[in-house]
Amino acid sequence: MTEPVPMTELWRGQLLESLHRGHAAICDGTGQVVQAWGDPHAVIYPRSSCKMVQALPLITSGAAAKWQLGPEHLALACASHNGAAIHTDRVRAWLDLLGMDESDFRCGPQDPDDRAAHEALIRAYEQPCQVHNNCSGKHAGFLTLNRHMGAGPEYVEIDHPVQQAVREAFEEVTGETSPGYGIDGCSAPNFATTVEGLARAMAWFASARDRSDRQSEAAVELVAAMTRHPELVAGEGRACTELMRAMGGRVAIKTGAEAVFVAIIPEKKLGVAVKITDGATRASECAIAAILVHLGVLDAEHPATRRFLTPEVKSRRGLHAGVIRPADGFPV
């Protein structure tokens, strides 16, 4: 078995203080690996990096068209958002469209990462609800699909028609039979695949314009929604939002918990998947930025790139203390 390779370093002064290792793969439009680091056959949970895959049945079933969902809805279906007003207001409006409310969700409450939203709840003596959950857009998509199917309310159960549709789509685009699933932070099943399989799925999205089947047309819609509305996919200051903006809508990227990151590059028909084995998000953000620079789709000197590729480590007084950067030899 191939070991994970060094991908991200943290230097403090003259000392290499921390080293993050991982696996990564780049696949082309035919599903073949064109470059890999570590073990591309390592089995992982993609976590939220695969939300665009989970959203495919929302479109292919006809549910999105029935409820006249637009690009903002689709971007939210792929989102791990901050719980800011721009996110929660739209999710509430989506629920109203369905004639449903927050109690129909099965994602659980979550304190919003957006500072203004967090402080507003405190001032109002209110508790966060399920709409604030970073996956509430995905779950609004699940509810929409569920209403269209006329299935039962427990849409996160593994044997529910919604999750069976998700699994079918997931295995089709990864080109692999999933060996199993885990329960994600939002309570929905998260199907395992290899790093290669996840990169293959992203390459399938990247090359979707070359095909005319309904599944591929849905992929084109989802990628367009993500790149058109990067602020809905994550939020201000987040790597997904800032780096998609830096690339001018040419590339869709998505993070997942425990340091997974993916990229969809239509102009090159390439898909990328990264997994940092210790689960450090700072490392996966650096690694995906390094690969995107390596592939020539992200400007190394763009301020957003520098923020995630080589972020400065500061003391609490604001003094320069160190730097996070790609490991020597990665990703060349």
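Reader: At what angle do helix α5 and helix α7 pack?

Author: About 10°, with their axes 10 Å apart. Helix α5 covers residues 85-98 and helix α7 covers residues 136-149. Axes here are lines fitted to C-alpha atoms, for helices over the stretch in contact, and angles run from 0 to 180 degrees between N-to-C directions. This is a predicted model, where local features need pLDDT of at least 70, side-chain atom pairs count only at pLDDT 80 or more, and totals for chains, interfaces and linings use all residues. Residues are numbered from 1 along each chain as its sequence is written, and side-chain values use heavy atoms, with hydrogens and water left out.

Reader: Roughly parallel or roughly antiparallel, α5 and α7?

Author: Roughly parallel. That label is for angles under 35 degrees; over 145 is roughly antiparallel, 65 to 115 roughly perpendicular, the rest oblique.

Reader: Which residues meet?

Author: From α5, Val91, Trp94, Leu95 and Leu98. From α7, they meet Ser136, Gly137, Ala140, Gly141, Leu143, Thr144 and Arg147. Contact means heavy atoms within 4.5 Å. By class, the residues of this contact are six nonpolar, four polar and one charged. Ala, Val, Leu, Ile, Met, Phe, Trp, Tyr, Cys and Pro count as nonpolar, Asp, Glu, Lys and Arg as charged, and the others, Gly among them, as polar.

Reader: New topic. What volume has the largest pocket?

Author: About 350 Å³. A pocket is an open set of points on a 1 Å grid over the protein atoms alone, where a 1.4 Å probe fits, with protein on both sides within 12 Å along at least five of seven lines; lining residues have an atom within 4 Å of a point. The volume is the space filled by probe spheres set on the points.

Reader: How many residues line the largest pocket?

Author: The lining has 21 residues, and Ser48, Ser80, Asn134, Gly256 and Ala257 lie nearest the centre. Two or more residues each come from α12 (239-246), β8 (252-256) and α13 (281-294). The largest share, three residues, is from β8. The lining has six nonpolar, nine polar and six charged residues.

Reader: How many helices and strands in the protein?

Author: 14 helices and 12 strands. Both are DSSP runs numbered from the N terminus: helices are H or I, at least four residues, and strands are E, at least two.

Reader: Where is the cis peptide bond?

Author: From phenylalanine 330 to proline 331, with omega near 10°. Proline 331 is in the segment after β12 (320-326).

Reader: And what is phi of glutamine 68?

Author: Near 55°, a positive value in a residue other than glycine. Glutamine 68 sits in the loop between α3 (63-66) and α4 (71-77).
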